[in-house]
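Here are a few notes to read with the model open beside you. Take them one point at a time and find each residue as you go.

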Amino acid sequence: IRAREAMILAVQVFNSAALSFKTELFAVLANIAWTYLLHEFYERKGVKIIGDDGRSLLLGQMIERQDCPISEGMRNNLRALKAIRDDVEHKLLGKGDVQWFSRFQACCLNFNKVLCT
């Protein structure tokens, strides 16, 4: 449920006319949504997602695992999304929203497909 709600929030934020830093917020929230979704997958498989240091598996770690349940195309989309999310810490990206529309739309469609499967 948290995964779905995080993605819904990402889409709502991106569609909001009141915000000017949509790229940044979408990238962060979508990353969180995918992290929650894959955490749920691995927990159901009995895979330990919390390390000895108390930190959970990162999205980047999960998409590189051999048993990751998503296609290589979906993984590539998430790698690109992660790069955008990482840039958020150092740049203002809002002016490039149009540049990433197709990536963001693919991210949402992929998420929906995996959630339904």
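This is a predicted model: local features need pLDDT of at least 70, side-chain atom pairs count only at pLDDT 80 or more; totals for chains, interfaces and linings use all residues.

1. Now turn to H1 and H5, the helix made of residues 101–116. Their axes cross at roughly 155° and come within 11 Å, so H1 and H5 are also roughly antiparallel to each other. The crossing of H1 past H5 is left-handed.

2. Which residues carry that second contact? From H1 come Ala 3, Arg 4, Met 7, Val 11 and Phe 14, and they meet Phe 101, Phe 104, Cys 107, Cys 108, Phe 111 and Leu 115 of H5. The class count here is 10 nonpolar, no polar and one charged.

3. Ala 3 deserves a stop of its own. This H1 residue counts as buried because its relative accessibility is 8%, and the cut-off for buried is under 20%. Leaving out residues up to four places away in sequence, Ala 3 touches Ala 33, Tyr 36, Leu 37 and Phe 111. Check Leu 115 too: it sits 112 residues from Ala 3 along the chain, yet their C-alpha atoms are separated by 8.9 Å.

4. On to the rings. The model has six aromatic pairs. One of them joins Phe 14 and Phe 26 edge-to-face, with 5.8 Å from centre to centre and 70° between the planes. Phe 14 belongs to H1 and Phe 26 to H2, so this pair ties together parts 12 residues apart in sequence. Both of these residues are buried.

5. Phe 14 also pairs with Phe 101: the ring centres are 5.5 Å apart and the planes stand at 85°, so this pair is edge-to-face. Here the link is between H1 and H5, with Phe 14 and Phe 101 lying 87 residues apart. Are the two partners buried or partly exposed? Phe 14 counts as buried at 13% relative accessibility, whereas Phe 101, at 41%, counts as partly exposed.

Notes. Residues are numbered from 1 along each chain as its sequence is written. Side-chain values use heavy atoms; hydrogens and water are left out. Axes are lines fitted to C-alpha atoms, for helices over the stretch in contact, and angles run from 0 to 180 degrees between N-to-C directions. Helices (H or I, at least four residues) and strands (E, at least two) are DSSP runs, numbered from the N terminus. Angles under 35 degrees count as roughly parallel, over 145 as roughly antiparallel, 65 to 115 as roughly perpendicular and the rest as oblique. A crossing is left-handed if the near helix is turned anticlockwise from the far one by less than a right angle, and right-handed if clockwise. Contact means heavy atoms within 4.5 Å. Ala, Val, Leu, Ile, Met, Phe, Trp, Tyr, Cys and Pro count as nonpolar, Asp, Glu, Lys and Arg as charged, and the others, Gly among them, as polar. Buried means under 20% relative accessible area, exposed over 50%, partly exposed in between (1.4 Å probe, protein chains only). Rings of Phe, Tyr and Trp (its six-membered ring) pair if their centres lie within 6.5 Å; planes under 30 degrees apart count as stacked, over 60 as edge-to-face and the rest as tilted.
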